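Please read the numbered points below with the sequence and the model side by side.

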Amino acid sequence: MLVCICKGISDRKLHEEIRKGHRTLAQIRTGCQAGTDCGACVQQIRQILGARAGVSHHETAAE
Ligand code: FES
């Protein structure tokens, strides 16, 4: 699925960037240019970053 239409960046590519250690919007922008044009995708990028951060830190036991 394309997240950033302006730069043609898919969610898959974003996850790849995160795996490379790009964990903030600024790092993602530098790494693959996503979110550097119209900005419409920024919120979605943030959501992906947030979701990954939640998983990669400690996996909390179900409450
Ligand atoms: S859709 Fe990502 S900058 Fe425009």
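1. Glutamate 17 counts as buried, because its relative accessibility is 0% and buried means under 20% relative accessible area, with exposed meaning over 50% and partly exposed lying in between (1.4 Å probe, protein chains only). This residue is found in helix H1, where a helix is a DSSP run of H or I with at least four residues, a strand is a DSSP run of E with at least two, and both are numbered from the N terminus.

2. Please keep in mind that this is a predicted model, in which local features need pLDDT of at least 70 and side-chain atom pairs count only at pLDDT 80 or more, while totals for chains, interfaces and linings use all residues. Residues are numbered from 1 along each chain as its sequence is written, and side-chain values use heavy atoms, with hydrogens and water left out.

3. Which side chain makes a polar contact with the side chain of glutamate 17? The partner is histidine 22, at 2.5 Å; a polar contact is a pair of N or O atoms within 3.5 Å, where within protein one must be able to donate a hydrogen and the other to accept it, and residues adjacent in sequence count only if both atoms are side-chain atoms. Leaving aside neighbours within four places in sequence, glutamate 17 is in contact (heavy atoms within 4.5 Å) with His22, Ile28, Gly31 and Cys32.

4. Glycine 31 lies in helix H2, which covers residues 25-32, and is partly exposed, with a relative accessible area of 37%. With neighbours within four places in sequence again set aside, glycine 31 is in contact with Glu17 and His22.

5. Within H2, the buried residues are Leu25, Ile28 and Cys32. Seen down the helix axis, these buried residues fall within an arc of 60°, so they line one face of H2; the arc is that of the directions from the helix axis to the C-beta atoms. On the other side of H2, Ala26 and Thr30 are exposed.

6. The largest nonpolar core has 14 residues, and among those touching the most other members are Ile28, Cys32 and Ile9; such a core is a set of buried Ala, Val, Leu, Ile, Met, Phe, Trp, Tyr and Cys residues joined through side-chain atoms within 4.5 Å. Two or more residues each come from strand S1 (2-4), helix H1 (11-19), H2 and helix H3 (42-56), and H3 gives the largest share, four residues.
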